[in-house]
Amino acid sequence: MRTLSPHAVHRALRPIAALGLLPALLLTACGSGTSGGKESAAAAPAAAASTLKINTSPEQNRIRAEKAEEVAAKVPAAIRARGELVVGVTGDGIPPLTFLADDDSTVIGVESDIAQLVADVLGLRLRLERTSWENLFLAVKSGKDDVGFSNITVTEERKDIYDFATYRVDQLAFEAAADGKITKIAQPSDIAGLKVAVGSGTNQEKILLDWDERNKKAGLAPIEVQYYQRPADYYLALKSGRIDLYFGPNPTSSYHAAVSGDTRIVGTVSGGGDSLQGLIAGMTQKGNGVVGPVSEALNTVIKNGKYGAVLKRWGLSNEALPASQVNPPGLPRPTKK
């Protein structure tokens, strides 16, 4: 079977969803894993689903929320005067996070749906700004974008520059070839001597390099880290045997494994590493007064059920949080050598 591009992946989903097979494949994969030997918040068994129908057309008919006047009043005056919330998203992602619809131009996915709910509660129009992962951070730091919604993990380093409002647990997955010999990754020693692809500058890269350092201190073989720019590239490398594993966000890896049939999830860990449950958050410029209203908007839709409906729509109910927090403990700083 050929390796699917990001757009081909979500197109290939439709016949599977129509048969009602995807929930079992996707939700089971998302709902199992280990975190340093401890069960993580996202490892709870996913609730049984009936048929998950994915709409990949530009006409999304997004779930909408009502304006909350008391929350909207807390939005900084300049943004209220502008009348729109500018949200940065990565432009070429993989389902179900942020990806392009069938027209190859409209951004859809769970991240844009959550952003829509936040804008609704704040009484603002939503303007999505597509950008690269690297430029997303620059756009938020400069104030060009009000918020970044792009599967961003809270880290202690990032908190020096940005504020965070949490809205999902962070799970990472090891993805291997479906017909390969690797069947389980549960601890650092399991990756010793393997070739592993990971995104540069991501928190999963930090966790991977930390595991590698622990292995080397224990006298185990180092890993060979490889970097690729596009999902199609690392999936081709995985299929051809040039890499043994891809280490990335659990939702996208589980989605790809379920749809393509070329890969399988062989282990999950918390995006926070061994020490805490990682958290995904909306990211704002530090101290500009935006994070508070964003967090309150998230808590509003958590309480009224709109948030849960969005996660269910994309098969991510098992990554729900009971409440949004501002700047909770994040992924620890790298240890100094």
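How many aromatic pairs does a search of the whole structure find, and what can be said about the rings of Tyr234 and Tyr246?

A: This is a predicted model, and a search of the whole of it finds nine aromatic pairs. A pair of aromatic rings is described by the distance of the centres and the angle of the planes. For Tyr234 and Tyr246 the ring centres are 3.9 Å apart and the planes stand at 10°, and because planes under 30 degrees apart count as stacked, this pair is a stacked one. Tyr234 belongs to helix H8, which covers residues 231-240, while Tyr246 belongs to strand S10, which covers residues 245-249, so the pair ties together parts that are 12 residues apart in sequence. Both Tyr234 and Tyr246 are buried.

Tyr246 also pairs with Tyr235, and here the centres are 6.0 Å apart with the planes at 65°; since an angle over 60 degrees counts as edge-to-face, that is the class of this pair. Tyr235 lies in helix H8 and Tyr246 in strand S10, so this pair ties together parts that are 11 residues apart in sequence. Tyr235 counts as buried because its relative accessibility is 4%, and Tyr246, with a relative accessible area of 6%, is buried as well. Elsewhere, ring pairs link Trp133, Phe137 and Tyr162 into a cluster.

The elements that give two or more residues to the lining are helix H6 (133-142), strand S5 (147-153), helix H7 (203-217), H8 and S10, and the largest share, four residues, comes from S5. Sorted by class, the lining has 12 nonpolar, 16 polar and five charged residues. Domain 1 (69-170 + 277-326) and domain 2 (172-270) both give residues to this lining, so the largest pocket lies between the two domains.

Note on methods. Residues numbered from 1 in each chain as written. Predicted model: local features only at pLDDT ≥ 70, side-chain atom pairs only at ≥ 80, totals over all residues. Heavy atoms only, no water. Phe/Tyr/Trp six-rings, centres within 6.5 Å; stacked < 30°, edge-to-face > 60°. Buried < 20%, exposed > 50% of the residue type's maximum accessible area, 1.4 Å probe, protein only. Nonpolar A, V, L, I, M, F, W, Y, C, P; charged D, E, K, R; others polar. Domains from an automatic or database assignment.
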